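Hi,

Here is the structure I promised to pass on. Have a look at it first, and then read on for what turned up.

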Amino acid sequence: MEEEKGKGNERWTGAITNLTEMSSNLESLQKILLKKAVFVDEETFARASLTAEQARTIKVLQQRVETLERELDAAITAAAHARSEKRQAEAAQKAAELRAQDVTKELENTTKVFELHMEELRAKQEEIAKRDNDIKLLEAIIQTLGGKESQS
């Protein structure tokens, strides 16, 4: 029991020594702060506070400007991309229109050729019909002459 009391006293003694050293250190810090501290009047402090606030505001505004610049760059890039797509679409439309014109011309030419062939076919049909009539006439003449020969 006596040993425990002795150890407890040693602890208290150590703790008190630590507190005394801490107190001494705090006093030393206080003296250093008093020597190095700068005291200013209210007007100077207000100006310094205003300057610090303005500096923070400037930093925030500068960050906003940088953000807006990035957004503007993105918008410019998007607009350039859209213009490029528009030019490509216009070129594709022009190519399609030219192809449609070519197909229309080809169709018109085919129609003209078809009309010429139809006219030629009609002319041949008329010629065939005329020859057919001539053949029938000749057959009738032959039959008539043939009938007279058999009667004679």
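The side chains of Glu 53 and Arg 56 pair up in a salt bridge, with N and O 2.8 Å apart (the term here means a Lys or Arg side-chain nitrogen within 4 Å of a carboxyl oxygen of Asp or Glu). Both sit in helix H2, three residues apart, so about one helical turn separates them. Glu 53 is partly exposed, at 39% relative accessible area; the cut-offs are under 20% for buried, over 50% for exposed and partly exposed in between, with a 1.4 Å probe and protein chains only.

Before going further: this is a predicted model, where local features need pLDDT of at least 70 and side-chain atom pairs count only at pLDDT 80 or more, while totals for chains, interfaces and linings use all residues. Residues are numbered from 1 along each chain as its sequence is written, and side-chain values use heavy atoms, leaving out hydrogens and water.

Searching the whole structure gives four salt bridges. Side chains of opposite charge can pair when their charged atoms come close. Another such pair is Glu 43 with Arg 47, whose closest N and O atoms are 2.8 Å apart. These two are four residues apart in helix H2, which means about one helical turn between them. Glu 43 counts as exposed at 52% relative accessibility, whereas Arg 47 is partly exposed at 48%.

Then there is Lys 86 with Glu 90, a salt bridge at 3.9 Å, N to O. Lys 86 is exposed, with 53% relative accessibility, and Glu 90 is partly exposed, with 41%.

As for the chain overall, it has two helices and zero strands (DSSP runs numbered from the N terminus: H or I of at least four residues for helices, E of at least two for strands). How many of its 152 residues count as buried? The figure is 0%. The chain exposes about 14,600 Å², with 59% of that supplied by carbon and sulfur atoms (Shrake-Rupley areas, 1.4 Å probe; for residues, only the protein chains shown count as cover).

One last thing to look at: Leu 137, Leu 138, Ile 141, Ile 142 and Leu 145 make a nonpolar surface patch of about 500 Å². Patch residues have over 30% relative accessible area and no salt bridge; like charges are joined within 9 Å, and nonpolar side chains (Val, Leu, Ile, Met, Phe, Trp, Tyr) within 5 Å. Leu 145 belongs to helix H2, which covers residues 42-151.

Cheers
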